[in-house]
Structure formats: C-alpha cells, structure tokens
Amino acid sequence: MSYKKIYTQVVVIGSGPSGYSSAFRCSDLGLDTILIEKYNNLGGVCLNVGCIPSKSLLHISKVIKESKNLFNIGVAFSKPIFDINKIRQWKDGVINKLSSGIKNMANQRNIEVIFGNAQFLDKKSILVKNGDESIIIFFENVIIAVGSRSKKLKYVPSDDFRIWDSSIALSLPHIPDNLLIIGSGIIGLEMATVYSSLGSQVDIIDSSHELLSHLDRDIVNIFYNAVKKDFNIFLNSEIKEIVPEKNGFLVSRNKENNVRNTKLYNAILVAVGRESNLESLNINKIGLEVDCNRFLKIDKKLRTNISNIYAIGDVTGQPMLAHKGMHQGHIAAEVIFGKNHVFNPYVVPCVLYTDPEVAWVGMTEKEAIHNKIEYESAVFPWNFLGKAISSNFSCGMTKLIFHSKTRKIIGGSVVGSHAGELLGEIGLAIEMGCDVEDIALTIHAHPTLYESINLSAQIFQGTITDMLNLKK
Ligand code: FAD
C-alpha cells in the first residue's frame with residue numbers, strides 16, 4: 001500500500017478547544033501546523049456535545065423558570081409548548097455556526113485540517129487513516145489534544161434510545177416522563193435542569209454522602225433549597241438492579257437503612273465522570289507515560305516524558321474544562337516556538353450553569369481549613385442586594401475568602417443568577433494579588449450583582465453600611 005507523506009513542524013491531534021487553540025497559536029507564531037480530527041466536525045466535545053449545546057438548552061430552561069417565577073409577582077404566561085424538533089434545530093444551528101467559524105479561522109491561517117484517526121508510528125511520525133485513505137505525517141513536535149469521553153457503568157444495560165450518556169441526552173432523543181440520572185456532578189445537575197424544565201420528572205442518585213462535596217455547605221445549601229423543587233437528589237444511594245421493561249427500566253436502589261425502593265424510569269442518563277481518549281493513539285508503542293487514572297503525565301511546560309510530544313486539555317486530567325485546555329493550548333504552542341512559558345495559573349474558575357448557578361474560583365473555606373491556612377471569610381447574602389431583589393431572584397450569596405495576615409483575596413464562591421459572570425472579577429483579583437482594600441475601595445456600579453463582591457470586601461473591612469456592620 002502506498003501512503004501519502006507530509007512533513008511539518010507541528011501536528012495537533014484533536015480539534016476540541018485545546019487542540020484548535022494550540023493549532024491557531026502555533027500558526028500565528030509562524031509554525032507550519034497541521035490539525036487532525038477524527039470526526040467530520042471541528043470543535044470537539046465542548047462545541048459539539050458539551051459546553052455549547054448544554055448552555056443552549058440551559059438558556060431555554062432559565063427563561064422557562066424565570067417566566068414561571070413572574071407568576072408570583074403578577075405576570076402570568078400560559079404553559080410553554082415545546083417543539084422538540086425546532087429546539088434541536090436551533091441548538092444544532094448554534095453548533096454549526098461555531099464549528100464553521102473554527103474551520104474558516106483555520107483556513108484563514110493556512111492550517112491544513114486533515115480528517116481521520118491518528119495513531120503513533122514512532123516518536124516522529126503518525127499515521128492518519130480515513131476510510132481507504134492513509135497519510136503518514138512526519139513532525140518535529142506533536143501536541144496531543146484528544147480529550148475525553150463519558151465513563152460507562154458495567155451494570156447498566158446498553159440501549160441507545162433509553163440509556164444515555166451526556167452526548168445522547170444533548171441530542172434530545174425524546175422527553176421521558178421519568179428520567180433517572182446516575183451521578184450528581186456538574187453534568188448530571190445541568191442535565192437535570194434541562195430535562196426537568198422540559199417536563200420530565202427527574203431523580204438523581206449518587207453514592208456519595210455530600211452534594212458537591214468540594215464546596216462550602218452554606219453555598220450548597222442555597223443551591224439545594226432552590227433546585228429541590230425542580231428535581232430530586234438522592235445521596236448515599238446505590239443501584240441494586242436495573243430490569244428492562246417494555247416502556248423503560250425498573251430500577252431498584254437502596255434507601256437509608258438498606259430499604260429498597262423500586263421505580264420505573266423511561267430513560268436513564270449515566271453521568272459518572274469522564275475518561276481519557278487514548279486507546280486509538282497507540283501510545284504504548286512509543287512509551288508515553290500515563291498516571292494511575294490513565295491521563296497523560298505532563299510537566300509545567302506541558303511536555304510528556306518524550307521531549308517533542310506535548311499534551312493539553314482533558315487528556316491530561318482534572319480540571320476537565322474547556323478554558324483550562326485553551327490556555328494550555330497557547331502555552332504549548334509558545335513553548336514549541338521557544339518561549340520560556342509555563343502553565344502555572346493560580347486559579348482555574350468553575351461554573352455550574354444550573355438555576356441558580358454556582359461558581360467558584362480559588363480556595364473554598366473548606367480547603368482553607370483543610371490546608372490550615374489562616375483565613376477569614378466574608379459573606380454577602382443577596383437578600384440585601386438591590387439588583388437581586390429588584391430582579392426577583394434574591395436567593396443567592398457571594399462569599400470571599402481572604403488571607404487573615406496578608407489580607408489578600410484567595411478564593412470566592414457565588415451562588416445565584418449569573419454567578420458565573422461574577423467570577424471574572426474574583427479570578428482577576430486573585431491573579432493580580434489584590435487585597436481587601438483594592439476590592440472594597442473600587443467603586444462598583446449600583447445596582448448590579450457584581451456589587452456584592454465589593455460589599456463582601458466591605459464586610460471583611462468592617463466598613464459595610466448596606467447591612468448591619470458586625471465588626472463596628
Ligand atoms: P475534546 O473537546 O474532547 O476534543 C478532543 C478531540 O479529539 C475530539 O474532537 C476527538 O474527536 C478528537 N480525537 C480523539 N482521538 C483522536 C484521534 N486518535 N485522532 C484524531 N482525533 C481524535 N467545560 C467548560 O469549561 N464549560 C462548560 O460549560 C462545560 N460543559 C460541558 C458539558 C458537557 C455535557 C460535557 C460532556 C463537557 C462539558 N465541559 C465544559 C467540558 C469540556 O467540554 C471539555 O473540558 C473540553 O471539551 C475539553 O477539550 P479538549 O480539546 O481537551 O478535548
């Protein structure tokens with residue numbers, strides 16, 4: 001068999017946010033770059049079956065909930081009517097628009113995009129196969145950005161129409177009357193928000209004892225009290241049996257004191273975490289090292305144990321977030337170009353796009369206690385916040401964590417509407433090394449939600465006048 005052969009400076013494998021960001025940065029730095037993608041669409045999980053479609057559907061959920069909430073203050077709408085085909089078309093339109101935007105940007109940068117599955121031949125070449133076509137690419141450097149996929153559970157039967165992973169759930173195959181979600185992490189909670197707003201009765205079950213266990217309880221309690229009206233969350237629960245039935249699955253789970261509970265669900269979504277996409281790459285052949293969870297090991301320059309092979313994004317493990325991967329993508333390109341850059345952020349922000357949203361960056365109070373850090377927290381409840389009250393969503397809280405001695409901000413968590421947007425200021429303040437005066441003395445616009453960050457800092461300082469000053 002004869003193979004087409006290509007020589008290049010950099011090959012990026014995977015066109016998700018990490019991959020396309022690094023390919024674009026490489027090209028902008030003048031490096032001859034090729035981007036490989038095994039599916040026909042660019043953009044990876046984030047764009048096709050992750051961040052973007054989930055946020056499109058969550059936007060609909062938010063509007064539905066907000067219009068329902070208006071009923072209590074004298075504005076009534078009739079019950080929403082769902083045209084699932086139209087919703088699906090709109091969501092797919094958003095994906096296609098962004099995906100073709102990536103393709104255009106690759107073209108404008110003269111990046112060659114090759115569709116096909118890549119696998120290593122040795123440390124300097126890969127084979128890309130697409131149907132009958134095969135290409136060997138010889139490279140100086142390669143950036144692995146092959147991402148991750150949903151974990152499966154062995155005891156859950158397969159059935160694409162009724163047993164879902166997040167990709168199937170986002171394709172809106174149907175709206176089940178009863179949906180069981182296994183896993184109360186970010187994806188499980190976001191999907192519960194979507195499907196409950198579209199009319200499904202949703203139960204989430206999880207074996208862990210605490211919801212969002214890494215977050216502070218005061219933040220989680222506000223979140224839980226708000227969402228428990230929309231869906232059920234059963235913690236400490238384990239599935240004992242799943243029996244396929246004509247119109248769904250009879251699921252038995254243990255309740256407290258080992259009492260069994262059995263219920264019929266029309267569909268089950270498994271959302272128990274993600275694993276790396278390394279199988280097809282043939283990494284054993286070249287001796288790439290992985291950690292105990294099979295994510296690629298990298299150093300601060302994003303190099304693997306082989307000096308011309310870099311790895312970025314989900315395939316390098318937690319936090320598995322698009323913005324982490326994009327940032328890594330830039331650093332890897334710059335290191336290959338010869339800059340002395342490292343991936344060393346103080347913080348990576350996280351947002352749970354439910355209703356209310358939960359957002360956190362830097363240290364939580366829990367972590368500060370665990371790490372024996374001398375800290376003080378300042379909490380501003382949104383029922384004192386003019387913008388929140390006047391917008392009919394005063395259920396919320398902004399919480400900042402300051403170092404007691406340096407008075408620098410080291411973390412922040414927000415629960416409430418638009419919490420994710422408020423995180424920008426907190427993240428920047430931490431990266432810039434701001435202390436409490438910097439935040440408390442910066443004039444924030446009134447009435448806004450981000451004012452709550454300024455007011456939290458005033459609580460820490462003891463200068464607050466918008467609520468009782470306990471430090472007076
Ligand atoms: P991916 O996006 O997984 O892309 C990897 C690409 O590599 C894929 O296109 C794949 O086809 C390709 N590939 C794999 N193997 C090969 C091969 N051998 N040859 C060629 N190509 C290959 N993150 C956020 O920050 N915010 C969110 O709101 C958010 N929401 C999410 C919602 C859901 C439902 C899910 C599942 C994830 C969400 N994430 C979110 C996580 C985010 O999608 C990932 O962190 C991000 O996509 C990782 O980017 P990546 O480039 O590392 O990998």
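A polar contact is a pair of N or O atoms within 3.5 Å. The model is predicted. This briefing covers the ligand, its shell and the nonpolar cores.

- Ser-280 has a polar side-chain atom 3.2 Å from a nitrogen atom of the ligand.
- In His-323, a polar side-chain atom lies 3.4 Å from an oxygen atom of the ligand.
- The ligand exposes 1,000 Å² when taken alone, and the protein buries 95% of that.

**The shell around the ligand**
- There are 38 residues around the ligand.
- Ser-18, Glu-37, Lys-55, Asp-314 and Ala-322 come nearest.
- By type, the shell holds 17 nonpolar, 16 polar and 5 charged residues.
- Elements that each supply at least two shell residues include the helices α1 (17-28), α3 (51-70) and α8 (322-337).
- The strand β4 (117-122) also supplies at least two.
- Helix α2 gives the largest share, with 4 residues.

**The nonpolar cores**
- The largest nonpolar core has 38 residues.
- Inside this core, Ile-181, Leu-189 and Phe-223 have the most contacts.
- Beyond its neighbours within four places in sequence, Phe-223 is in contact with residues including Leu-189, Leu-211, Leu-212 and Leu-352.
- Phe-223 also contacts Thr-354, Pro-356, Val-358 and Val-415, again leaving aside those neighbours.
- A second, separate core has 32 residues, among them Val-347, Phe-380, Phe-393 and Ile-439.

Notes
Residues are numbered from 1 along each chain as its sequence is written. This is a predicted model: local features need pLDDT of at least 70, side-chain atom pairs count only at pLDDT 80 or more; totals for chains, interfaces and linings use all residues. Side-chain values use heavy atoms; hydrogens and water are left out. A residue is near a molecule or strand if one of its heavy atoms lies within 4 Å of it. A polar contact is a pair of N or O atoms within 3.5 Å; within protein, one must be able to donate a hydrogen and the other to accept it, and residues adjacent in sequence count only if both atoms are side-chain atoms. Accessible areas come from the Shrake-Rupley method with a 1.4 Å probe; for residues, only the protein chains shown count as cover. Ala, Val, Leu, Ile, Met, Phe, Trp, Tyr, Cys and Pro count as nonpolar, Asp, Glu, Lys and Arg as charged, and the others, Gly among them, as polar. A nonpolar core is a set of buried Ala, Val, Leu, Ile, Met, Phe, Trp, Tyr and Cys residues joined through side-chain atoms within 4.5 Å. Buried means under 20% relative accessible area, exposed over 50%, partly exposed in between (1.4 Å probe, protein chains only). Contact means heavy atoms within 4.5 Å.
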